[in-house]
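Please look at the sequence and the structure on the screen before I take up two of its regions.

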Amino acid sequence: MNNIRATLATVGRIAAPYFRSEDKWAGRGLLAAVILIELSLVAIDVLVNQWYSRFYNYLQDRNWDGFVWEVGVFIVLASASVALSVYQLYLNQWLQIRWRNWLTRHYLGEWLDSATHYRMQLKGDAADNPDQRITEDVKTFVEQTLTLGIGLLSAIVTLFSFVIILWGLSNAAPLHISGVDLAIPGYLVWGALVYAIFGTALTHWIGSPLVNLNFEQQRYEADFRFNLVRVRENSEQIALLDGERAERERLLHRFGFVVGNWYAIMSRTKRLTAFTTSYAQAAVIFPFILTAPAYFAGKIQLGGMVQTASAFGSVQKALSFFVSAYRSLAEWRAVVARLDGFEMSIASATQRPTQGEAIAIAPAAGSREIGLDQLLVKLPNGMPLVTAVDFTIGASERVLVTGPSGSGKSTLFRAIAGIWPFGNGTIAIPGQARLMMLPQRPYFPVGPLRDAIVYPAGRDVFKPGQIRDALVAVGLPKLAVRLEEDGHWNRMLSLGEQQRLGLARALLHKPDYLFLDEATASLDEPSEAQLYRLLREELPSTTIVSIGHRSTLEAFHTRNVALVRDGDLHVLKGVSEPASSEAR
Ligand SMILES: Nc1ncnc2c1ncn2[C@@H]1O[C@H](COP(=O)(O)OP(=O)(O)OP(=O)(O)O)[C@@H](O)[C@H]1O
């Protein structure tokens, strides 16, 4: 019971924001229309139930006029039912796509906000495969919440309407056994109730493991898909390393989980289906058996018997809502749990940690220096990595950061960029300063080259002439004529070309602080030197902080600092000034 309450509370938490959003009037209007149509359909069911009694009695009495009249009544009722069902589905689908559209935008907004997606990955929270959350899970949540919600409402309203009818019919057809009338008020209602409780309890007992199994199935499928995507993205490396066999084995190993879990689902579903279909079949005959004594004793007519069977069927169906919807309910609960985990993971990644538990990024008004104060950068597991006690990077400075591999240089950059929360101390960033990080492998979105270069700016922020000039300047004149060409640039260009393209991006954006994390490491030394000269000429007031292993880089920087090992930590320290510097 507590579980059900918790699930419903979670559903409310996920569903409510849409009905309070800017699209609330459309959403509420469509929902009201769908509910209203559902109630009308129940009303038609009640009318059809009464129609059964009249129709079969006319048949029994061989009353031709009555028969023809009732056929006409049936045509009217059936036509209304068809029209309402068609529009209910149409409006329901309309509501689904509006709701899904809102929820998808909402999740994308939160997930892609201020490096939340990156921190979620770092924290390794429960939200594996966010792509699945935002695609399939949102779709299933919206569909199933509406289907099950409307189904439940319909079951409740049907139950109330038909219990009243069935109660009256019980009195009209008293239980008649061995020539004796047994006066059990509403015995047909009690019969339906016992039948449904028995069915529901057994269904739950047989089917409850399906909730977990469905949850696992979705996870295994998503893992398998994710690994296939990784193969596609790294296909060159895999081909070069002859890694196909290893990949095939790894993929088949993962697919093995999909298959294994599916067998478990099959065997559980077989048992559940055997029970639910037998249960549904028995429900057809059960009311006839209950009313047969009264019928054969001549207490009721055929019409009454058929009407009773139909009313019993409706009550039983309403009470057995849980039985028929069990599989959907199991899937739906798994989806609700996953979306809940996703929301919690987003919340935990966006949560501002309390003072002293995370690195604080403080905007330094009036200053043009980046200041690291009592900074201790840690790994996600809490192990200390890098420390900088009192360190400043002045305006227009050119600083070269060196240190052994794995000492934490890139992680220090991540902390300065504000995306690495683990650690403590303060990083002061001049107010309004624009920082740009260029890694060894710059990222280019798939699409026109022009959009890839100016990323993350919009395509119209820079004129084509400006972009062409930047490409020529970084030594990529051949690309200057391909600005509108679509492509997967990370795959199509060599690493050196990608690094040149990254620098073109920096030339266009003209950041106040440019952090180059081995951003020219794939270029030969003369080309690297040429590009550093270009940066000095084109971005004279930009502060440049480079990570690099080559000693030739020293000439383009005004200060050398290093991460020096001190026990388990690396300390950021100044080292001797470069002997001759072109950067001055
Ligand atoms: N997301 C992460 N989770 C756990 N450990 C991490 C993570 N990112 C980095 N590390 C660890 O932090 C340490 C420092 O990594 P970092 O990339 O900052 O080193 P680096 O000095 O830039 O190395 P290199 O010169 O080889 O590029 C490494 O031991 C690395 O394994």
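This is a predicted model: local features need pLDDT of at least 70, side-chain atom pairs count only at pLDDT 80 or more; totals for chains, interfaces and linings use all residues.

Strand S11, residues 513-517, is largely enclosed by the rest of the structure, because 5 of its 5 residues are buried.

Let me turn to the side chains of the strand. In a regular strand, side chains alternate between the two faces of the sheet. Here, Tyr513, Phe515 and Asp517 point one way from S11, while Leu514 and Leu516 point the other way, and all are buried.

Which strands pair with S11? One is strand S8, residues 435-438, which runs parallel to S11 and is joined to it by 4 bridges. Within this pairing, Leu438 stands opposite Leu516 of S11. Strand S12, residues 543-547, also runs parallel to S11, and 5 bridges join the two. There, Asp517 has Ile547 of S12 as its bridge partner. Between S11 and S12 the chain passes through helix H18, residues 525-538, in a β-α-β crossover that is right-handed.

I now move to the helices. Two packed helices are described by the angle between their axes and the distance between the axes. For helix H5, residues 130-172, and helix H10, residues 302-319, the axes come within 8 Å and cross at roughly 145°. The crossing of H5 past H10 is left-handed.

What kinds of residues form the contact of H5 with H10? By class, there are 13 nonpolar, 5 polar and no charged residues. On the H5 side the contact includes Leu159, Phe162 and Leu166, and on the H10 side Gly304, Phe312 and Val315 are among the residues involved.

Note on methods
Residues are numbered from 1 along each chain as its sequence is written. A residue is buried if 20 or more other C-beta atoms lie within 10 Å of its own, exposed if 12 or fewer, and partly exposed in between; C-beta atoms are placed from the backbone. Two strands pair if DSSP finds at least two bridges between them. A crossover is right-handed if, with the strands pointing away from the viewer, the path from the first strand over the helix to the second runs clockwise. Axes are lines fitted to C-alpha atoms, for helices over the stretch in contact, and angles run from 0 to 180 degrees between N-to-C directions. A crossing is left-handed if the near helix is turned anticlockwise from the far one by less than a right angle, and right-handed if clockwise. Two residues are in contact if their C-beta atoms, placed from the backbone, lie within 7 Å. Ala, Val, Leu, Ile, Met, Phe, Trp, Tyr, Cys and Pro count as nonpolar, Asp, Glu, Lys and Arg as charged, and the others, Gly among them, as polar.
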